[in-house]
Amino acid sequence: MSSGGKSASRPVVRDDVLLGQIESLASVGLDSGGGRTRLALSESEKEGRDLVAQWMEDAGLEVRTDRIGNLFGILRGADGGLGNALMIGSHIDTVIHAGPYDGCYGVLSGLAVLRAFREAGAVPPRPLVVAAFTNEEGVRFQPDMLGSLVAVGGMPLGEALDITDEKGCTVGEALAAIGCSGGEDPGFLLPAEYLELHVEQGPRLDAEKKRIGVVEGVQGISWWRITIEGKANHAGTTPTNLRHDAGYASAQVSVFLRELSLSAGTTLATVGTIDFEPGAVNVIPSKAVFTVDLRDPDGAKLTEAEKRLAAFLEKTALEEGVRILSEHLVRFEPVVFDRELVQAVEETAASKGLSSMRLVSGAGHDAQMMARVCRTAMIFVPSAGGISHSPEEHTSGEDLAAGVEVLLDVVLRVLGF
Ligand code: GLV
Ligand code: MN
Ligand code: MN
């Protein structure tokens with residue numbers, strides 16, 4: 001414990017500044033869908049990064065970037081080093097037509113906590129760090145959570161830099177194009193604890209009228225790209241029994257996945273993208289390429305869903321006379337967060353008179369990567385109507401403020417203030 005921590009006033013978050021920054025960042029990359037689209041390492045994301053880096057500097061933080069583009073704002077502790085840090089983070093890249101809070105709330109709340117320390121003149125006993133990780137969403141580059149995955153040593157940097165987007169642009173090229181490849185080796189700053197504050201992105205807190213979600217872990221994720229090769233033919237002359245219809249086969253997979261979800265209980269399955277070739281009203285599709293997102297909090301059930309999908313693809317290929325190829329894009333096991341930190345979140349919410357409930361995150365988060373190397377926990381605040389990955393994503397200012405209050409108090413508690 002530093003004497004600075006004792007003699008300074010208690011850090012206090014300025015909600016108005018936090019909410020103003022969330023609003024400003026939300027206006028970067030506005031799109032025609034009524035939301036914002038800041039895909040990882042795009043020009044609009046670069047604009048967001050510059051804004052956040054500037055705010056880090058304005059708060060008196062040391063700003064560093066690593067070679068996968070993860071952005072860090074550092075407040076050195078009394079010990080002066082970078083070891084044993086407490087990190088707060090999330091991401092500022094978005095999905096297509098995104099809402100204002102997913103990821104940005106966590107990064108800007110981390111920044112708000114560090115700013116509160118600076119403004120109070122409080123020197124933490126060890127470093128406090130705010131992080132914005134690269135490509136959390138995984139829309140442009142797969143896997144998702146790429147920056148945090150590389151930071152914790154889950155994928156070699158070279159392999160990550162070679163990943164391509166749909167247009168063939170690599171992560172390395174995209175980083176260079178926006179000038180965001182930093183000088184630090186990924187993992188140069190591995191913390192002792194990691195905290196992430198996030199909107200729930202699901203319906204439970206809102207439905208149960210709870211203010212704070214105490215996140216016990218994150219469910220497992222399995223992403224696939226499936227290619228079905230059939231035979232193009234005339235839509236008006238080809239009898240049904242003579243067709244090798246890639247479009248029909250893909251629809252069967254989609255229906256099968258819904259049935260699988262319903263019968264398996266906790267498993268969720270989504271076909272989120274699909275493309276047909278040649279893509280004409282009067283031509284039987286020769287090719288269908290689509291993605292599958294499978295999730296389950298139980299690793300064994302996720303594996304079971306993968307096996308059932310593989311068996312169904314085999315059966316469909318035989319029945320329709322098509323060729324089916326599947327590529328595994330992402331596989332992350334379910335993650336359980338640190339028991340003591342989770343309890344600290346729960347007790348902190350209670351001490352502030354905020355109702356809470358425990359839950360497992362349905363969405364993926366950088367926290368699930370950081371949990372590989374340090375004590376980790378997450379805090380959720382309600383998402384109105386459970387809506388996220390949509391311009392309609394909404395959380396009240398009151399709930400946003402309550403979440404950051406809990407975050408600050410957990411930080412103070414962990415640091416022994
Ligand atoms: C990230 O937002 C994911 O869960 O897909
Ligand atoms: Mn997110
Ligand atoms: Mn997201």
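This is a predicted model: local features need pLDDT of at least 70, side-chain atom pairs count only at pLDDT 80 or more; totals for chains, interfaces and linings use all residues.

1. Residues are numbered from 1 along each chain as its sequence is written, chains are lettered from A and ligands numbered from 1 in the order in which they are written, and side-chain values use heavy atoms, with hydrogens and water left out.

2. Around ligand 1 lie E136, E137, W223, R295, A363, G364 and H389, each having a heavy atom within 4 Å of the ligand. Oxygen atoms of ligand 1 are found 2.9 Å from a polar side-chain atom of E137, 2.8 Å from a side-chain N or O atom of R295 and 2.6 Å from a polar backbone atom of G364.

3. The axes of helix 4 (residues 104-120) and helix 13 (residues 397-415), which are lines fitted to C-alpha atoms over the stretch in contact, come within 10 Å and cross at roughly 55 degrees. Helix 4 is therefore oblique to helix 13, and the crossing is right-handed. On the helix 4 side, the contact (heavy atoms within 4.5 Å) includes Y105, V113 and F117.

4. Helix 2 (residues 15-26) and helix 3 (residues 43-58) have axes that come within 10 Å and cross at roughly 155 degrees, so helix 2 is roughly antiparallel (over 145 degrees) to helix 3. Q21, S24 and L25 of helix 2 meet G48, L51, V52 and W55 of helix 3.

Conventions
Axes are lines fitted to C-alpha atoms, for helices over the stretch in contact, and angles run from 0 to 180 degrees between N-to-C directions. Helices (H or I, at least four residues) and strands (E, at least two) are DSSP runs, numbered from the N terminus. Angles under 35 degrees count as roughly parallel, over 145 as roughly antiparallel, 65 to 115 as roughly perpendicular and the rest as oblique. A crossing is left-handed if the near helix is turned anticlockwise from the far one by less than a right angle, and right-handed if clockwise. A polar contact is a pair of N or O atoms within 3.5 Å; within protein, one must be able to donate a hydrogen and the other to accept it, and residues adjacent in sequence count only if both atoms are side-chain atoms.
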